[in-house]
Amino acid sequence: MPLTPPPAAMRALSPNPMGRPRTRSPSPIPEGLMDYSGMVPQPEPPPEKGLGELFVESLLDVVACTGRSCVACSRGTATVVSHAAYPVKEAVITTIDSSQQCLHPHLKKKAVNHTQVPTFKASNSPAPRSRHD
């Protein structure tokens with residue numbers, strides 16, 4: 001589509017209508033005030049990165065991301081294994097304990113029947129003295 005000049009009504013509203021040369025540049029600073037922006041030195045933009053520097057930076061980003069993922073996966077695997085192994089360990093210990101009690105009943109820990117424990121009484125001995133006498 002070829003470009004056509006704007007209609008006359010639009011040219012009158014435009015700050016630079018076609019056909020009229022621009023005499024001065026528009027400035028946001030009112031006339032009479034001095035513009036000091038040209039006197040302040042502008043910092044130089046940083047130099048562009050080369051292809052090798054971009055490659056090395058990207059490679060290190062990939063290695064860091066892969067390393068973080070591996071650490072997270074290994075910690076998760078260790079947690080799952082520890083949670084899954086605990087019931088198995090408890091079952092093995094319970095089985096060993098019950099087999100030991102079956103094979104060696106004399107090692108069972110149970111309370112002693114107090115009716116079978118001998119008692120000693122001295123019939124002719126005087127009553128013990130208190131220390132305050």
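Q: Which helix is glutamate 57 found in?
A: Glutamate 57 is found in helix α2. Helices (H or I, at least four residues) and strands (E, at least two) are DSSP runs, numbered from the N terminus. The chain has 2 helices and 0 strands. By the way, this is a predicted model: local features need pLDDT of at least 70, side-chain atom pairs count only at pLDDT 80 or more, and totals for chains, interfaces and linings use all residues. Residues are numbered from 1 along each chain as its sequence is written, and side-chain values use heavy atoms, with hydrogens and water left out.

Q: Is glutamate 57 buried or exposed, or partly exposed?
A: Buried means under 20% relative accessible area, exposed over 50%, and partly exposed in between (1.4 Å probe, protein chains only). Glutamate 57, at 38%, is partly exposed. Leucine 59, also placed in helix α2 (residues 51–103), is partly exposed with 43%. Across the 133 residues of the chain, 1% count as buried.

Q: What does the side chain of glutamate 57 make a polar contact with?
A: A polar contact is a pair of N or O atoms within 3.5 Å; within protein, one must be able to donate a hydrogen and the other to accept it, and residues adjacent in sequence count only if both atoms are side-chain atoms. Here the partner is the side chain of lysine 49, at 2.9 Å.

Q: How many disulfides are there?
A: A disulfide is a pair of cysteine sulfur atoms within 2.5 Å. The count here is 0. Cysteine 73 has its nearest cysteine sulfur, that of cysteine 70, 6.7 Å away. Cysteine 73 is exposed at 54%, and cysteine 102 is exposed at 63%.
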